[in-house]
Amino acid sequence: MALETEGNNRLLQDVLARPGNETCADCGNPEPDWASLTLGVFVCQACSLLHRSIPHISRVKSIQDTWDASEVELMAAMGNSAAKAKYEQKVPAFYYRPTHTDCKLLREQWIRAKYERNEFEFIEKQEPYSAGYREGFLWKRGRDNGQFFSRKFVLSEREGALKYFNKQDARDPKAVMKIETLNATFQPAKIGNPCGLQITYLKDNSTRNIFVYHNDAKLVPKLTRNFMKEGFMEKTGPKHTEGFKKRWFTMDDRRLMYFKDPLDAYARGEVFIGSKENSYTVLSGLPPTIQGYHWNHGITIVTPERKFLFACETEAEQRDWIAAFQRVINRPMRPQEYAVEAHFKHKP
């Protein structure tokens with residue numbers, strides 16, 4: 001019996017080593033250590049917990065447990081690549097596929113959409129997010145008092161805009177956000193709600209944030225992209241003689257925005273980060289003559305106009321920020337980004 005069990009587990013490791021099975025079927029996390037016996041997919045521990053929320057669909061088991069021959073045969077017959085071809089065959093082009101770094105809500109709804117609702121096997125089962133128009137009510141955080149109020153939102157693909165209204169019967173919207181300048185990211189921890197969403201858009205060439213949440217976890221808007229990185233750093237002014245001030249920074253593709261508070265509606269300033277071909281570089285450390293910072297791990301961003309100086313609290317944060325900046329700088333600029341750079345104002 002022990003030899004049989006050992007043989008089954010050895011065969012399972014062979015199946016796990018096949019192409020496609022080396023990462024989680026749902027979030028891409030490397031080296032999955034759980035499996036769904038009913039779906040025939042290998043998943044990471046975090047996604048296995050989400051599979052447990054749909055026990056009528058998925059029954060999970062640890063790779064480290066004892067496996068019998070029939071269970072190994074089931075995993076060998078399906079596997080992640082075959083499951084992907086089945087359960088993800090009709091994913092809309094705009095649908096955001098979460099990764100292991102995304103919040104629980106995004107990963108859970110992705111898993112439920114695939115296996116429980118079968119939305120990507122049968123188009124008729126898809127939620128109305130693919131219809132090009134949606135309206136409903138979201139709880140929006142007030143800009144000044146921090147309270148949340150119910151507001152009507154309308155998303156129209158034909159108009160290319162997301163609008164919201166301060167009153168239910170209002171004819172004119174309080175704000176019109178062009179989809180081409182809009183970015184929406186789930187921020188449950190920042191907003192304090194599992195369905196919290198941060199919507200960032202441009203208004204008069206300045207960044208505006210609004211914070212909303214919805215009570216229905218099935219609300220899946222047309223997301224654009226995640227922020228590359230967020231967190232606190234210290235910064236100084238353009239003359240480098242001012243003291244460093246602690247600010248909340250958000251890296252949205254080539255735009256580095258900073259706020260006094262993570263829930264501020266408006267950015268205090270923004271920095272456009274171009275490519276190395278256009279004389280943008282990132283350096284570890286600060287010039288030796290600089291003073292006034294409390295955090296010791298400096299970063300210098302060199303642009304054609306000036307140098308921007310920042311300081312991080314830890315060496316790990318410094319490495320992460322430099323890596324994020326470097327990814328952007330190493331990527332050649334697209335034609336439309338030159339237009340953004342031309343109109344972008346480097347603010348202190």
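Glu 88 and Lys 114 are both buried, where buried denotes under 20% relative accessible area, exposed over 50%, and partly exposed the range in between (1.4 Å probe, protein chains only). The model is a predicted one, in which local features need pLDDT of at least 70 and side-chain atom pairs count only at pLDDT 80 or more, while totals for chains, interfaces and linings use all residues. Residues are numbered from 1 along each chain as its sequence is written, and side-chain values use heavy atoms, with hydrogens and water left out.

Glu 88 and Lys 114 form a salt bridge, their closest N and O atoms being 3.0 Å apart; the term requires a side-chain nitrogen of Lys or Arg within 4 Å of a carboxyl oxygen of Asp or Glu. This pair links distant parts of the chain, since Glu 88 lies in the loop between helix H4 (79-87) and helix H5 (104-116) and Lys 114 lies in H5, 26 residues away; helices (H or I, at least four residues) and strands (E, at least two) are DSSP runs numbered from the N terminus. Both residues belong to a salt-bridge network that also includes Asp 26, Lys 84 and Arg 97. Within helix H5, Glu 116 and Arg 112 stand 4 residues apart and are joined by a salt bridge of 2.8 Å, N to O.
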